[in-house]
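Let's take a walk through a protein model together, one piece at a time. Keep the 3D view open and follow along as we go.

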Amino acid sequence: MSLLVVGTVAFDAIETPFGKTDKIIGGAATYIGLAASYFTKNINLVSVVGDDFPQASIDMLKKHHVNVDGLQIKKGEKSFFWSGRYHNDMNTRDTLTTELNVLGTFDPVVPESYKDCDFLMLGNLMPVVQQKVMAQLPKRPKLIVLDTMNFWMDSSMDELMKTLAQVDVLTINDSEARQLSGEYSLVKAAQKILAMGPKYLIIKKGEHGALLFNKEQVFFAPALPLEDVFDPTGAGDTFAGGFIGHLAATKDISFDNMKRAIIFGSAMASFCVEKFGVERLVGLTQAEVEERVQEFIDLVQFEIELG
Ligand code: AMP
């Protein structure tokens, strides 16, 4: 069961109340691929970087079972660059810079060997590129998950709506759900967004967990209360990587299995925020991942006898 991941591979510069980084590697697809690698070893990446992107980081992705045949390296061009500053609550941030660079002219090419994919993760990048990837697949994957952000709602809403109509699951944060639907209530927002195409909607609420909706049901998972949160960058992508990684590994796309996938995604996101950038997601052991998932189970398990 192969998993195709599309999204940015990038440089980020991050400021949080705890410190500041120079350019470090990031990008939606980087986080998704790393997180998914703890669940499945069959990950194919489609993305683009400039020749300023370090070979060591590409090798690091390869070591995490991410096939990079579909990663275009543009000679003499610069990689996508994003910088952001977090507020004191670490749940909200301002984007300081978005330099599209190579992304501005990106024409994705899905290698032949990737085409028979069962799971497709459309990570954050321009909606028109996400559509071009779907159009190159000869058969529709079993499950298509889309992640996007306010930047694309502000700049490419029409294209985003077209992409949205073609996917099964949308993951966005609470403020993006409000922006997309024009509703403050997340329950009302969910109903409106589900009418736009996706069968499932995941609303990420940072340190307040995540909600999974379909038209009839809703499920909530908290985030793990952590002692140290250094950098939330990539937490949403990491969540998405753990979520789709678990679904791809189990080949089960039922609502009940999506609930479990949300716990795996949340567990991976809890690692991500503990260090700057991707640092904490590199080289975790399976035992560490299992221990973290167990902490989630212990956190939410209780018994009540009614009557
Ligand atoms: P997250 O914190 O999960 O929203 O993801 C942060 C990552 O998304 C960073 O590593 C950025 O490189 C990447 N990113 C930021 N803005 C964009 C954008 N407009 N399109 C695609 N990726 C982006």
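Before we look at any sheet, here is one term: two strands pair if DSSP finds at least two bridges between them. Also keep in mind that what you're looking at is a predicted model.

Let's start with strand β7, which covers residues 80-86. How many bridges link β2 and β7? There are six, and the two strands pair in the parallel sense. If you want one spot to check, find Glu15, whose bridge partner in β7 is Arg85. Strand β7 is also joined to β8 (residues 93-99), again by six bridges, but here the strands run antiparallel. On that side, Trp82 has Thr98 in β8 as its bridge partner. Strands β7 and β8 form a hairpin with six residues between the strands, and in this hairpin Met90 takes a positive phi near 65°.

Is β7 covered or open? It's mostly covered, with six of its seven residues buried. Phe80 is found in this strand. Its relative accessibility is 10%, and buried means under 20%, so Phe80 counts as buried.

Now jump to another strand. Phe80 and Leu143 are 63 residues apart in sequence, and their C-alpha atoms are 27 Å apart in space. Leu143 belongs to strand β10 (residues 143-147), where five of the five residues are buried, so the strand is largely enclosed by the rest of the structure. Here's a handy rule for looking at a strand like this: in a regular strand the side chains alternate between the two faces of the sheet. In β10, Leu143, Val145 and Asp147 point one way, while Ile144 and Leu146 point the other way. Whichever way they point, all of them are buried.

What sits beside β10? Strand β9 (residues 119-122) runs parallel to β10, and four bridges join them. Leu120 stands opposite Ile144 in β10. To get from β9 to β10, the chain passes through helix α3 (residues 127-135), and this β-α-β crossover is right-handed. Strand β10 also runs parallel to β11 (residues 169-173), with three bridges joining the two. There, the bridge partner of Leu146 is Leu170 in β11.

How many aromatic pairs does a search of the whole structure find? It finds six. A pair of aromatic rings is described by the distance of the centres and the angle of the planes. One of the pairs is Phe11 with Phe53, which is tilted, at 5.5 Å centre to centre with 45° between the planes. This pair links distant parts of the chain: Phe11 is in strand β2 (residues 10-16), and Phe53 is in the loop between β5 and α2, 42 residues apart. Both Phe11 and Phe53 are buried.

Another pair is Phe39 with Phe264, this time edge-to-face, with 5.4 Å between the centres and 75° between the planes. Phe39 lies in the loop between α1 and β5, and Phe264 is in helix α9 (residues 255-272), so the pair ties together parts that are 225 residues apart in sequence. Phe39 and Phe264 are both buried too.

Rings can have charged neighbours as well. The charged end of Lys23 sits over the ring of Phe81, 4.8 Å from its centre. Likewise, Arg292 lies over the face of Phe271, at 4.1 Å from the ring centre.

Now find the ligand. Which residues come nearest to it? Of the 19 residues around the ligand, the nearest are Asp12, Gly27, Arg93, Gly234 and Asp237. For Asp12, an N or O atom in the side chain is 2.4 Å from an oxygen atom of the ligand. With Gly27, the backbone is involved: one of its N or O atoms lies 2.7 Å from a ligand oxygen. Gly236 also has a polar backbone atom 3.2 Å from an oxygen atom of the ligand.

Our last stop is Thr233, in the loop between β14 and α8. Is Thr233 buried or exposed? Its relative accessibility is 4%, so Thr233 counts as buried.

Terms used:
Residues are numbered from 1 along each chain as its sequence is written. This is a predicted model: local features need pLDDT of at least 70, side-chain atom pairs count only at pLDDT 80 or more; totals for chains, interfaces and linings use all residues. Side-chain values use heavy atoms; hydrogens and water are left out. Buried means under 20% relative accessible area, exposed over 50%, partly exposed in between (1.4 Å probe, protein chains only). A crossover is right-handed if, with the strands pointing away from the viewer, the path from the first strand over the helix to the second runs clockwise. Rings of Phe, Tyr and Trp (its six-membered ring) pair if their centres lie within 6.5 Å; planes under 30 degrees apart count as stacked, over 60 as edge-to-face and the rest as tilted. A charge sits over a ring if NZ of Lys or CZ of Arg is within 6 Å of the ring centre and within 35 degrees of the ring normal. A residue is near a molecule or strand if one of its heavy atoms lies within 4 Å of it. A polar contact is a pair of N or O atoms within 3.5 Å; within protein, one must be able to donate a hydrogen and the other to accept it, and residues adjacent in sequence count only if both atoms are side-chain atoms.
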